[in-house]
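User: Please take a close look at one part of this model, the first chain, and describe how its elements are arranged and how the chain meets its partner.

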Amino acid sequence: MERHGLRSYLVGFALAVVLTAIPFYLVATHALPPSRLMYVIAVAAVLQILVHLRFFLHLDFISTPRENLLAIAFTAILLFLMVGGSFWIMIDLHTRMAI
Amino acid sequence: MNANVTAMPGRPETAESDVHEQRALGFWLYLMGDAVIFALLFMTYGIMVGNTVGGPAGKTLFSLNNAALETALLLVSSMTFGFASLASRAGNRSAVLSWLLITFVLGAGFIFLEVREFLGMIGAGAGPDRSGFLSAFFTLVGTHGTHVSVGLVWILIMSGQVVFKGLSVPVVSRLFRLGLFWHFLDIAWVGIFSVVYLPGLL
């Protein structure tokens, strides 16, 4: 019960605020070169999505039904194939079309 | 007519909780389908982002303050919906309604900012017909905005159900699925500010 309680939402909110503030602050101040800033944005986004799944949607490996986790894992594989595959094709096409 | 009445036996309590668990799984499957839609729109945006055909790019169009404010509204609304969920499990009807109302106002504020941004861009000649980049931008961000708008209508409907039906088992179960939907939309928004606004303003 405690796992899904008030604490969960407050901790999730605090972590989400930090993980949002860091990339916004760095973009506002141009504190890093753009290429390195992209990595910070990407890492903060992935971490924040995990924070939301854990603290707001209450996903974990104990209380979440197995079928739900399987559906999510399956979707993750689909997304990886579709997004990764499309970028692969389009970037390849782009380099071959470039004169 | 009589047959209809006898064909609906009252379900025992245990079967009821099974039904709600199955509906939660069904709703997760729907959300995962939505995740696929968003991922493909993100991918389309990623491929189209450079295709500005001489038109304006993100750097001149996007406002970091506006994006930050939208992010704050949606994030706080995700937390306030969490408080509504907690109140619904505690059986506190007036607290559920208050938190739902606060969530609705925050979500409506988000939609207001987004519509204002869209209208400003279209007014400046940077509508979805201007370039491939802008078509992809409006499709991706607009799809998310449409979802949030549907979520707002759903919040209103559920507030009405809490008022008129009380916190019955089906109503709490529906509130739970609405919560999944609302938290999911915040996750999609994390993707949008990380893929669209922040990189666009680098």
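Chain A has three helices and zero strands. Read from the N terminus, the order of elements is α-α-α. The model is predicted, and every value below is computed from it.

Overall dimensions come next. The C-alpha trace of chain A spans about 60 × 40 × 10 Å along its principal axes. The radius of gyration of chain A is 18 Å, whereas a compact globule of 99 residues would have one near 13 Å. Buried residues account for 17% of the 99 residues in chain A. Of the contacts in chain A between residues at least 6 apart in sequence, 62% join residues at least 24 apart.

Within the chain, one helix pair can be followed residue by residue. The axes of H1(A) and H2(A) come within 9 Å and cross at roughly 170 degrees. Angles over 145 degrees count as roughly antiparallel, so H1(A) is roughly antiparallel to H2(A). The crossing of these two helices, H1(A) and H2(A), is left-handed. On the H1(A) side, the residues that meet H2(A) include Ser8(A), Tyr9(A), Val11(A), Gly12(A), Leu15(A), Leu19(A), Pro23(A) and Val27(A). On the H2(A) side, the residues that meet H1(A) include Leu37(A), Val40(A), Ala44(A), Gln48(A), Val51(A), His52(A) and Phe56(A). By class, the residues of this contact of H1(A) with H2(A) divide into 17 nonpolar, five polar and no charged.

The other part of the request concerns the partner chain. The contact between the two chains takes 33 residues from chain A and 32 residues from chain B. On the side of chain A that touches chain B, at least two residues each come from helix H1 (6–29), helix H2 (34–56) and helix H3 (66–97). H3(A) gives the most to that side of chain A, with twelve residues. The side of chain A that touches chain B has 25 nonpolar, seven polar and one charged residues.

Trp189(B) counts as buried because it has 24 C-beta neighbours inside 10 Å, the cut-off being 20 or more. Leaving aside residues up to four places away in sequence, Trp189(B) touches Thr71(B), Leu74(B) and His144(B). Gly166(B) is 23 residues from Trp189(B) in sequence, and the C-alpha atoms of the two are 32 Å apart in space.

Key:
Residues numbered from 1 in each chain as written. Chains lettered and ligands numbered in written order. Predicted model: local features only at pLDDT ≥ 70, side-chain atom pairs only at ≥ 80, totals over all residues. Contact = placed C-beta atoms within 7 Å. Helix = DSSP H or I, 4+ residues; strand = E, 2+ residues; numbered from the N terminus. Nonpolar A, V, L, I, M, F, W, Y, C, P; charged D, E, K, R; others polar. Axes fitted to C-alpha atoms, helices over the stretch in contact; angles between N-to-C directions. Parallel < 35°, antiparallel > 145°, perpendicular 65-115°, else oblique. Left-handed = near helix turned anticlockwise from the far one by under 90°. Rg over C-alpha atoms; globule rule 2.2 N^0.38 Å. Buried ≥ 20, exposed ≤ 12 C-beta atoms within 10 Å, placed from the backbone.
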